[in-house]
Amino acid sequence: MDVPLASKTFHSPSHSKYDKSFVDDRKSSSKHADLSPSANVSVLGIILGGGAGTRLYPLTKKRAKPAVPLGANYRLIDIPVSNCLNSNISKIYVLTQFNSASLNRHLSRAYGSNIGGYKNEGFVEVLAAQQSPDNPNWFQGTADAVRQYLWLFEEHNVMEYLILAGDHLYRMDYEKFIQAHRETDADITVAALPMDEERATAFGLMKIDEEGRIIEFAEKPKGEQLKSMMVDTTILGLDDVRAKEMPYIASMGIYVVSKHVMLQLLRDQFPGANDFGSEVIPGATSTGMRV
């Protein structure tokens with residue numbers, strides 16, 4: 001991903017909570033106002049630890065996939081965490097259920113102290129899969145993992161949830177991502193990349209209209225279904241030559257979801273859905289949500 005991260009220092013927020021008047025005041029001050037309110041008080045980062053990591057075995061024999069070492073003392077989990085902190089998002093949960101001891105140890109050592117500013121205590125906290133009287137099962141997928149901890153996430157007074165993967169390697173400024181979500185009045189915003197045909201079958205593919213709204217979504221299509229998902233990717237800024245080389249729009253598995261929309265989707269509309277990419281996102285698109 002070639003979106004540069006801005007170098008930021010974490011200034012003390014003028015408001016420890018967002019409220020409607022604060023949002024309205026900020027929006028009225030400029031047609032294209034900066035994040036209103038700031039991401040560090042209005043966005044909750046949720047990083048999904050992934051499955052058993054069998055493709056990375058034996059590196060995952062005794063550790064979770066996000067805890068796989070990368071560049072000396074770093075781990076894969078440091079990539080999305082670093083992206084968050086550099087994007088002014090300092091409230092971060094990491095969900096995991098496989099071999100989480102080394103991941104817990106790394107996160108507690110690397111981010112154990114307060115990472116926020118005055119009156120804005122940031123955190124990076126691991127949430128392991130757990131059984132309860134209400135739910136005797138472990139995480140069944142990405143959406144199910146978030147659903148099982150909705151009771152905790154909804155306690156945070158935020159506007160959006162930022163859903164990330166703990167095993168991706170890229171750089172991205174999430175503030176621009178969240179800004180786009182708010183400016184387009186979206187329910188869900190999906191990060192996407194142009195993709196060539198050879199790799200396209202491994203991704204969720206999208207068709208979008210002129211304003212970027214998803215009108216069709218197919219999870220890992222093959223054959224004729226794959227061919228039907230070809231689009232003109234010059235809409236993403238590619239020149240004609242590159243657009244022909246990469247005629248697909250692939251989901252990166254990175255989402256911004258408005259808080260009330262997340263609660264509605266996981267509890268009411270799709271209470272049995274286990275995965276965001278193959279079930280929740282296509283379902284939200286098919287029901288007419290702004291995705």
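**Ground rules**

I'm working from a predicted model, so to speak: local features need pLDDT of at least 70, side-chain atom pairs count only at pLDDT 80 or more, and totals for chains, interfaces and linings use all residues. Residues are numbered from 1 along each chain as its sequence is written, and side-chain values use heavy atoms, with hydrogens and water left out.

**Cores**

I started with the nonpolar cores (sets of buried Ala, Val, Leu, Ile, Met, Phe, Trp, Tyr and Cys residues joined through side-chain atoms within 4.5 Å). For burial I used relative accessible area: buried is under 20%, exposed over 50%, partly exposed in between, with a 1.4 Å probe and protein chains only. The largest core has 38 residues, and V146, F153 and F276 have the most contacts inside it. Helix α11 (residues 259-269) gives the largest share of this core, 5 residues. Helices and strands here are DSSP runs numbered from the N terminus (H or I, at least four residues, for helices; E, at least two, for strands). Apart from that core lies another, of 27 residues, with A39, V43, I47 and I77 among them.

Which residues does F153 touch? I get L44, I46, Y93, L95, L127, V146 and Y161, leaving out residues up to four places away in sequence. Contact means heavy atoms within 4.5 Å.

**Strand β7**

I looked up burial along β7 (residues 188-195) and found 6 of its 8 residues buried. This strand runs antiparallel to β10 (residues 248-258), with 7 bridges joining the two. Pairing of strands takes at least two DSSP bridges between them.

**Helix α12**

Next I went to α12 (residues 276-286), which is mostly covered, with 8 of its 11 residues buried. The buried ones are F276, G277, V280, I281, P282, G283, A284 and T285. What covers them includes α5 (142-148), β6 (160-165), β7, β9, β10 and α11. At the start of the helix, a side-chain oxygen of D275 reaches to within 3.1 Å of the backbone nitrogen of G277. After α12 comes G288, with a positive phi near 90°.

I found N88 with phi near 70°, in the loop between α3 (78-86) and β4 (91-96). Is N88 buried or exposed? N88 counts as buried, at 11% relative accessibility. K220 also has a positive phi, near 50°, and lies in the loop between β9 (214-219) and α9 (223-227). K220 is partly exposed, with a relative accessible area of 45%.

**Salt bridges**

I searched the whole structure and got 8 salt bridges, each a side-chain nitrogen of Lys or Arg within 4 Å of a carboxyl oxygen of Asp or Glu. R147 bridges to D144, with the closest N and O atoms 3.4 Å apart. Both lie in α5, 3 residues apart, about one turn of the helix, and both are buried.

R267 pairs with E154, with closest N and O atoms 2.7 Å apart. R267 is in α11 and E154 in the loop between α6 (150-153) and β6, so this pair ties together parts that are 113 residues apart in sequence. R267 is partly exposed at 39%, and E154 is partly exposed at 30%.

I also noted E216 and K207, whose side chains meet at 3.8 Å, N to O. E216 is partly exposed, with a relative accessible area of 34%.

**Aromatics**

My search of the whole structure gave 6 aromatic pairs. Rings of Phe, Tyr and Trp (its six-membered ring) pair if their centres lie within 6.5 Å; planes under 30 degrees apart are stacked, over 60 edge-to-face, the rest tilted. Y93 and F123 have ring centres 4.9 Å apart and planes at 55°, so that pair is tilted. Y93 sits in β4 and F123 in β5 (residues 123-128), so the pair ties together parts that are 30 residues apart in sequence. Y93 and F123 are both buried.

Y255 and F276 make a tilted pair, 5.9 Å centre to centre with 45° between the planes. This one links Y255 in β10 to F276 in α12, 21 residues apart, and both are buried.

Last entry: Y93, F123, Y149, W151, F153 and Y161 form one aromatic cluster.

Technical notes: A polar contact is a pair of N or O atoms within 3.5 Å; within protein, one must be able to donate a hydrogen and the other to accept it, and residues adjacent in sequence count only if both atoms are side-chain atoms.
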